Amino acid sequence: MGGVVEAMGRVAAGELRNAFCFIGAGGHHAGRNFFGGYCCFNDVVIATRQARRDGRLRRVAILDTDAHHADGTRDLVAEDSEILHVCICNTDYTSGDGTKVDVDARSRCGLGGSTDQLYLDLVRGAFPARAMLFRPDVVVWYFGFDTHRGDYGDLGLTSKAFLGLASLSHDTAREVCNGRLLVVLGGGSLADLASRLIPPIIARLAEQPPSGKPLDP
Amino acid sequence: MRDRVPGGVTGIFYHPSFSRRSYLTSGRRLAAFPGALNSLLQSSNIALFQCAPVSDELILLAHDSHLIPEVEADPF
């Protein structure tokens, strides 16, 4: 969690353009008075509140593409109109003020066609335009790779989808907040996937050509 | 690991303990790191930072105080 807090502060202050945060435990299933799903404390919300306390930001747009609903994050930000929280999960919901949005990807993926493209289209329809209207100070992509084919939240996605999400997050942040983007690692259990997905995502953040292992064997 | 860097840089925040034991993995999902980042870390616009621990005061920005001992007692 300390890394997310420091990364948020440095990105908000303009000391870093963007950041990728590894984690030791998850955060998005940790609410005000509960935790679970291998999450302990809510790193993104704590980092946001600390950065606000330091006067570095007010408004944060969170895109959560972990397989499961971010119940802890939603619990903590439900009444906070300066947080846009778009969660790609297994329900459909939009709050009255439009700042809290759930998109059911689970029932829509696997209906035929390219799952990667379906998923990216769902995210593209849910997040960039809302972020543009919301005008955040920082964008956060909560990146779980548990939705990859073969992992425990399998939606049939391949590496192509995750690199697409990296580009979408990066490009959205460039459009709405001068590129200030935090990528925070969430769920996903397979070591081979981690080593194939994470380096090219970081390369995308740094605007460098991807290198390393082939994406999908 | 670097401390102060100029803007325009991508920061990577990591701790060696994440590769020994981390989320959902019996400790192995990040086993290839930080070695898997070696080529990226040759770049002048990428910097590696070691994550620092946080205080209880910071945790209380979001959570009730009883959560701290409950998390500490959790077997995972």
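Mentor: This is a predicted model. The contact draws 47 residues from chain A and 43 residues from chain B. On the side of chain B that touches chain A, the elements giving two or more residues are β1 (10-14), α1 (17-20), β2 (46-50), α2 and α3 (67-73) of chain B. The largest share of that side, 5 residues, belongs to β1(B). Sorted by class, the side of chain B that touches chain A holds 28 nonpolar, 12 polar and 3 charged residues.

Start with the strands. Strand β1 of chain A, residues 18-21, pairs with β1(B) in the parallel sense, over 4 bridges.

The largest nonpolar core has 96 residues, and A:Cys21, A:Leu182 and A:Val184 are the members that touch the most others. Helix α7 of chain A, residues 191-205, gives the most to this core, with 8 residues. In soluble globular proteins, nonpolar side chains tend to be buried together. Apart from neighbours within four places in sequence, A:Leu182 is in contact with A:Ala7, A:Met8, A:Val11, A:Ala19, A:Cys21, A:Val138 and A:Val140.

Next, take A:Val5, which lies in helix α1 of chain A. A:Val5 counts as buried because it has 24 C-beta neighbours inside 10 Å, where 20 or more are needed. Setting aside neighbours within four places in sequence, its contacts are A:Ile46, A:Ala47 and A:Gln50, together with B:Val54 and B:Leu58 of the other chain. A:Val5 and A:Val44 are 39 residues apart in sequence, yet their C-alpha atoms are 7.6 Å apart in space.

That brings us to helix α2 of chain A, residues 43-53, which is mostly covered, with 8 of its 11 residues buried. The buried residues of α2(A) are A:Asp43, A:Val44, A:Val45, A:Ile46, A:Ala47, A:Thr48, A:Gln50 and A:Ala51. After α2(A) comes A:Gly55, with a positive phi near 75°.

Key:
Residues are numbered from 1 along each chain as its sequence is written. Chains are lettered from A and ligands numbered from 1 in the order in which they are written. This is a predicted model: local features need pLDDT of at least 70, side-chain atom pairs count only at pLDDT 80 or more; totals for chains, interfaces and linings use all residues. A nonpolar core is a set of buried Ala, Val, Leu, Ile, Met, Phe, Trp, Tyr and Cys residues joined through C-beta atoms within 7 Å. A residue is buried if 20 or more other C-beta atoms lie within 10 Å of its own, exposed if 12 or fewer, and partly exposed in between; C-beta atoms are placed from the backbone. Two residues are in contact if their C-beta atoms, placed from the backbone, lie within 7 Å. Ala, Val, Leu, Ile, Met, Phe, Trp, Tyr, Cys and Pro count as nonpolar, Asp, Glu, Lys and Arg as charged, and the others, Gly among them, as polar. Two strands pair if DSSP finds at least two bridges between them.
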